[in-house]
Amino acid sequence: MSDNTLTDLADLSVAAETPAAPAAPLREKEVDAQGRAYATGRRKDAISRVWVKRGKGKITVNGKPIETYFARPVLRMIVQQPLVTAARLSELDVECTVVGGGLSGQAGAVRHGLARALTYFEPGLRGALKKGGFLTRDSRAVERKKYGRAKARRRFQFSKR
């Protein structure tokens, strides 16, 4: 058999017996000089920058503790979902800055950035985070208002008179 060209059924059986190419190697760990992994997260109009490093599980958002910045428990739960999925809630410190949008969009942006930073910090976690849907950027955003309409799709009230 020459250069992977198959000419008859015998060549096909030989080709089937040869081992396939090895699985893609695990990604490299990407950390800076301080041992931190960095990633950007986005949701609606919010953009977050997230740094992950070894620590005691402290999460700070814009210089404030997560309990102060995200007062609602639902928003804190959204932010911590990647850490809970990866079982690293008390092992890693997370520091992030977030701008734009409202609190819900900011929580989603921090979650997206945190999940991406975790994959750079520990590449083995990528499968679990991808399965949970944390690495996909949620592209839904508010639809723009159209001219001649009250809102994006709502029309003005019709009156015969």
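With a relative accessibility of 44%, M77 counts as partly exposed, a class lying between buried (under 20% relative accessible area) and exposed (over 50%), as computed with a 1.4 Å probe on protein chains only. The model is predicted, so that local features need pLDDT of at least 70 and side-chain atom pairs count only at pLDDT 80 or more, while totals for chains, interfaces and linings use all residues. Residues are numbered from 1 along each chain as its sequence is written, and side-chain values use heavy atoms, with hydrogens and water left out.

M77 belongs to helix α3 (residues 73-86), where helices (H or I, at least four residues) and strands (E, at least two) are DSSP runs numbered from the N terminus. Between M77 and R111 the C-alpha to C-alpha distance is 9.6 Å, although 34 residues separate them in sequence.

An open sheet of mixed pairing is formed by five strands in the order β1-β2-β5-β3-β4, two strands being paired if DSSP finds at least two bridges between them. Because β1 (37-43) and β4 (64-65) stand at the edges with a single partner strand each, one side of each is left without a neighbour in the sheet. Strands β3 (residues 59-61) and β5 (residues 92-99) run parallel and are joined by three bridges, with T60 having E95 as its bridge partner in β5.

Helix α4 (residues 103-121) packs on this sheet, touching β1, β2 (46-54) and β5, and its direction makes about 150° with that of β1; contact here means heavy atoms within 4.5 Å, and the angle, on a scale from 0 to 180 degrees, is taken between N-to-C directions of lines fitted to C-alpha atoms, for helices over the stretch in contact. Of the 19 residues of α4, 14 are buried, leaving the helix mostly covered.
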